[in-house]
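Thanks for coming. I will talk through one model, starting with its backbone and ending with its helix packing.

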Amino acid sequence: MIEVYSWATPNGHKVHIMLEECGLPYRVIPVDIGGGAQFDPAFLAISPNNKIPAIVDPSGPDGKPISLFESGAILLYLAGKTGKFLPADTHGKYEVLQWLMFQMGGVGPMLGQAHHFRIYAPEKIPYAIERYTNEAHRLYNVINKRLGLSPYIGGKAYSIADIAIFPWLRSWKNQGVEMNDYPHLKGWFDEIASRPAVQRGVEVLASARKPLLDDQARENLFGAMQYKRH
């Protein structure tokens, strides 16, 4: 049984959804990032960047245990383990991988900044809010254009590219976006949201997540605790 060290965030949900889609047995170990659990030495041993998610698979390559951090790497590993959601042909595989990298290098970091400056930052900085809200609109437009040409983000079939991007778009209101402005994207979003495995995946740890109401939680997520040597 795969152990999943995670929390109810878009990056966590990427892995929860993939595990549900693949039908792999797994056990969730909550890592309360507001409470500072990401700095525990036991977690840092498998996730040295102190970020969720991370997994431990006791039945890894050649039957040996393996631990992995970084959600994109975990999606690739699970796709390789199961032979699902990543095309076997070289052309199709790289078509999907470019959109997976688009999520990892653009969608995740930029929409994360939009969340931060629009919702969480203690000081509302107009320049930052405008910059990242505009970038959110740009990214949504890129995805919308892609989905006007292709039924799924990575090509003709549902793949890890869709699994990676979908959780980040669930908070479109917080990103200053109106989903109805992007009709191709909205049709895709509604289809993905209706998948039973996706519905199960986004509920993992959802009830455990708490609002950021205290200074210590903000410190753990955004403050000096992030930069302290652990």
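Phenylalanine 85 sits in the loop between α3 and α4. Helices here are DSSP runs of H or I with at least four residues, strands are runs of E with at least two, and both are numbered from the N terminus. This is a predicted model, so local features need pLDDT of at least 70 and side-chain atom pairs count only at pLDDT 80 or more, while totals for chains, interfaces and linings use all residues. Residues are numbered from 1 along each chain as its sequence is written, and side-chain values use heavy atoms, with hydrogens and water left out.

Back to phenylalanine 85. Its phi is positive, about 65 degrees, although the residue is not a glycine. Most residues other than glycine have a negative phi, and most peptide bonds are trans. At 17% relative accessibility, phenylalanine 85 counts as buried. Buried means under 20% relative accessible area, exposed means over 50%, and partly exposed is in between, with a 1.4 Å probe and protein chains only.

Glutamate 70 is another residue other than glycine with a positive phi, near 75 degrees. It lies in the loop between β4 and α3. Is glutamate 70 buried or partly exposed? Its relative accessible area is 38%, so it is partly exposed.

For the peptide bonds, look at isoleucine 52 and proline 53: the bond joining them is cis, with omega about 0 degrees. Proline 53 belongs to the loop between α2 (41–44) and β3.

Now helix α3, residues 71–82. With twelve residues at 1.5 Å a residue, α3 should span 16 Å, and its end C-alpha atoms are 16 Å apart, which agrees. The expected span is 1.5 Å times one less than the number of residues. Buried residues in α3 are Ser71, Gly72, Ile74, Leu75, Tyr77, Leu78 and Ala79. Their cover includes β1 (2–6), α1 (10–22), β3 (54–57), β4 (66–69), α4 and α6 (160–169), where contact means heavy atoms within 4.5 Å. Just after α3, glycine 83 has a positive phi of about 70 degrees.

Take alanine 79, which is in α3. What does alanine 79 touch, not counting residues up to four places away in sequence? The answer is Met18, Lys84, Leu86 and Ile160. Its relative accessible area is 4%, so alanine 79 is buried.

Last, the helix pairs. Two packed helices are described by the angle between their axes and the distance between the axes. The axes are lines fitted to C-alpha atoms over the stretch in contact, and angles run from 0 to 180 degrees between N-to-C directions.

Helix α4 (residues 90–120) packs on helix α5 (residues 126–149) at about 150 degrees, with the axes 8 Å apart. That makes the two roughly antiparallel. Angles over 145 degrees count as roughly antiparallel, under 35 as roughly parallel, 65 to 115 as roughly perpendicular, and the rest as oblique. Residues making the contact include Trp99, Phe102 and Met110 of α4 and Tyr132, Leu139 and Ile143 of α5. By class, this contact has 15 nonpolar, three polar and four charged residues. Ala, Val, Leu, Ile, Met, Phe, Trp, Tyr, Cys and Pro count as nonpolar, Asp, Glu, Lys and Arg as charged, and the others, Gly among them, as polar.

The other pair is α1 and α6, at about 140 degrees, axes 8 Å apart. These two are therefore oblique to each other. Among the residues that meet are Ile17 and Met18 in α1 and Ile160 and Phe166 in α6. The contact of α1 with α6 has nine nonpolar, two polar and two charged residues.
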